Amino acid sequence: MRIPPLLTGALALALSFAQPAAAITVGFAQVGSESGWRTSFSESVKAEAKRRGIDLKFSDAQQKQENQIKAVRSFVAQQVDAIMIAPVVETGWRPVLREARRADIPVVILDRNIRVKDPSMYLTRIASDFVEEGRRAAEWLMQETGGNCDILELQGTVGATAAIDRMKGFKEIIGEYPNAGIVRSQTGEFTRTKGKEVMEAMLKAEGGGEELCALWSHNDEMAIGAIQAIREAGLKPGEDILVVSVDGVPDYFKAMAEGTANATVELTPHLGGPAFDVIDRYLGGDRDIDKQITTTGDLYTQETAAEEYRKRTGG
Amino acid sequence: MNNLPPAAAKEQPVSPAGPRGLLPPLNGRYLWPLLGLVLLLAINLVLSPEFFQVKLVDGRLYGSLIDVLNRSAPVALLAIGMTLVIATGGIDLSVGATMAIAGAVCANMLVGGVDSIFLVVAGGMAIGILIGAVNGSLVSFLGIQPIVATLILMVAGRGIAQLINAGQIVTFQNEAFTFIGTGSVFGVPFPILLVLMVFAAIQLLMRKTALGLFVESVGCNAGASHYLGVNARAVKMMVYCIAGLCAALAGMIAAADIQGSDANNAGLWLELDAILAVVIGGASLMGGRFSLVLSLVGVLIIQCLSTTIIMSGVPPKYNLVIKSLVVVFVLLLQSPRFQAQMGALIALAKSKSNKSVGERAEA
């Protein structure tokens, strides 16, 4: 079942060999294609490389670190100008990073983190800031409700970084408003089914949900499930209960266009642009580069939802 | 198995407790799981009295009790199939993945423009039976251990579903199909009715025909059953097909409920919930004696517990610990040895307190 990405990966690699030498050559060791978000991430990097005329050598590791290490070694052997890694796991990168450094090739880490004692082993890490996503969602909600709001929270998988940090950022802002608070919080495990089931029970535990003001969900999938539960409880999602979430998946834009959801903070898959920017600066001789570059997607609301939905589904 | 003489049926090594009525007699075996369920409901009564409120909203019954029944429907269907499989001494780990595949097949038929709801449902059911037949063939004709045979599709099945969905969540808008998950008849949610129908059909088949006896005899001693003229292979084949069919129905409920097929998460780990329900219901994993009613009680205990945890507002990180503690408690309740020891402890405490009361009276 993992054959198509391998083939396309191999094809991309083969094609990139065939191309005439471009201005710069960048190797990209991607995790694989385990989710829709990851696919958009890869597509976005490829599109950005094409736009800038960068010769991108793309490697799909099929969720295996050993494949990524192999890919990085082959990038070093090909003497690329820079390497980007979206690591599968945090540990085990030291030997291969040292090889890249010996060959004087800068390495940019994307998305997930890596753990090395010597931070000079890589140039910088570019990733989304989950805490900031939580903050933005809370800021929007507080602005919308004037800081007077009883909130239900659907948490992500217990222990997941995205869940912990989004919760933290959200609470940070809510804490400044004495009349706002999370009245109930449960995990919906990032899935639609659980989101719906948990929302059903939470609404009943809150006496039908008429007193509630908003739902804060750690991702769009759970929110979409919960919206159905709100509707089945005889309430209007998006009006009686505001819905704010994180991710920006097409189905959620559709819900916003229909008026059943209110806002989402996009978890941006467009990490390619900032990465190429940093590489350009480094190759241009700039050595004053931050070790951590965070990107936070914009908050989208109902006003632009229909248009965004069209854009994202290519319709 | 059609040529089994009636005399042989009477001499089966297993005879289920009590007369073969359609509904079971209320004896010790039925008492303890039910007691567990009643205890759980009592806890809910204390935590939130509104748990038992049932009212009509938009022409359908609405309340936590209805939620428990409605949400337990997929696992209930899985448990019905699983009970039969376990009764033959087997196990089916692939039912969760089967749910995902059936959901994916139906969703793609709907998106692909198949208008006839009957065709879509038939397609989903057919794929369930097909998967059951694959499992059944591996177990009965190739003699592969059930846990290994069904593990194959448990792991690969989810991949097949992902392949059908091309890695995306396939969503659809179809009122007729959505009815399976969210519709209601006379206010009763359709998933509950579907479970009742499947239960009634299988219970009739198992208790009013000799089939139930064959299933139990194959589970008890496949060799002996063979010599008595029971076609053990056909019986095993049949139970895996029923399990596959039940899983497909559960998968359709799950897909219809969220109006989409999520290959990664539909039915994830539900095979384990189904096995747990059957075990809570007191069935032996070694095969033999089974009771569909008790398995359903087991399902209700599990679902009631999940709803209770959400309603009670405990932090999510305690969910699984609480769940496992309650399950251990319910299983202990059923253990004859535990009952005996508790009985002895209570008797001891009584005699002591009697003694102390007596001493005080003397003083």
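**View 1. Lining of the second largest cavity in the predicted model, where chains A and B both contribute residues.** The lining of the second largest cavity divides into six nonpolar, two polar and five charged residues. The space inside this cavity amounts to about 120 Å³, and 13 residues line the second largest cavity, with A:Glu200, A:Lys204, A:Glu232, B:Tyr62 and B:Asp67 the closest to its centre. Two or more lining residues are given by each of helix 7 (192–205) and helix 8 (220–232) of chain A, and likewise by strand 2 (60–62) and helix 3 (64–71) of chain B. In the model as a whole, the count comes to three cavities of 30 Å³ or more.

**View 2. The second largest pocket, lined by 45 residues.** About 1200 Å³ of space lies in this pocket. Among its lining residues, those that lie nearest the centre are A:Glu189 and A:Lys194 from chain A, together with B:Leu268, B:Leu270 and B:Asp273 from chain B. By residue class, the lining of the second largest pocket comprises 22 nonpolar, 14 polar and nine charged residues.

**View 3. The open sheet of six strands in chain A with the order 2-1-3-4-5-11.** From one strand to the next, the twist averages 20°. Within the sheet, strand 4 (residues 107–110) and strand 5 (residues 124–128) of chain A pair in the parallel sense over three bridges, and A:Leu110 stands opposite A:Ile126 of strand 5 of chain A. Helix 3 (residues 65–77) of chain A lies across strand 1 (25–30), strand 2 and strand 3 (82–85) of chain A, and runs at about 170° to strand 1 of chain A.

**View 4. The open sheet of six strands in chain A with the order 7-6-8-9-10-12.** The pairing in this sheet is mixed. At its edges stand strand 7 (180–187) and strand 12 (299–301) of chain A, each with a single partner strand, so one side of each is left without a neighbour in the sheet. The twist averages 20° from one strand to the next. Strand 8 (residues 214–217) and strand 9 (residues 242–247) of chain A pair in the parallel sense over three bridges, and A:Trp216 has A:Val244, in strand 9 of chain A, as its bridge partner. Helix 5 (residues 130–145) of chain A packs on the sheet, where it touches strand 6 (149–155), strand 7, strand 8, strand 9, strand 10 (263–266) and strand 12 of chain A, and the direction of helix 5 makes about 160° with that of strand 9 of chain A. Helix 11 (residues 302–313) of chain A also packs on the sheet, touching strand 10 and strand 12 of chain A, with its direction at about 105° to that of strand 12 of chain A.

**View 5. Spans of chain B that carry the UniProt annotation "transmembrane region".** According to the unreviewed UniProt entry, this annotation covers residues 30–47, 68–87, 118–138, 144–164, 176–204, 237–256, 268–285 and 292–311 of chain B. Over residues 30–47 of chain B, the chain is 100% helix and 0% strand, and the end C-alpha atoms are 26 Å apart. Residues 144–164 of chain B are 90% helix and 0% strand, with 27 Å between the end C-alpha atoms.

Key:
Residues are numbered from 1 along each chain as its sequence is written. Chains are lettered from A and ligands numbered from 1 in the order in which they are written. This is a predicted model: local features need pLDDT of at least 70, side-chain atom pairs count only at pLDDT 80 or more; totals for chains, interfaces and linings use all residues. Side-chain values use heavy atoms; hydrogens and water are left out. On a 1 Å grid over the protein atoms alone, a cavity is a set of points where a 1.4 Å probe fits but cannot get out, and a pocket is an open set with protein on both sides within 12 Å along at least five of seven lines; lining residues have an atom within 4 Å of a point. Grid points are joined across faces, edges and corners, and a volume is the space filled by probe spheres set on the points. Ala, Val, Leu, Ile, Met, Phe, Trp, Tyr, Cys and Pro count as nonpolar, Asp, Glu, Lys and Arg as charged, and the others, Gly among them, as polar. UniProt positions are given in the numbering used here, feature names are shortened, and annotations may be inferred rather than shown by experiment. Helices (H or I, at least four residues) and strands (E, at least two) are DSSP runs, numbered from the N terminus. Two strands pair if DSSP finds at least two bridges between them. Axes are lines fitted to C-alpha atoms, for helices over the stretch in contact, and angles run from 0 to 180 degrees between N-to-C directions. Contact means heavy atoms within 4.5 Å.
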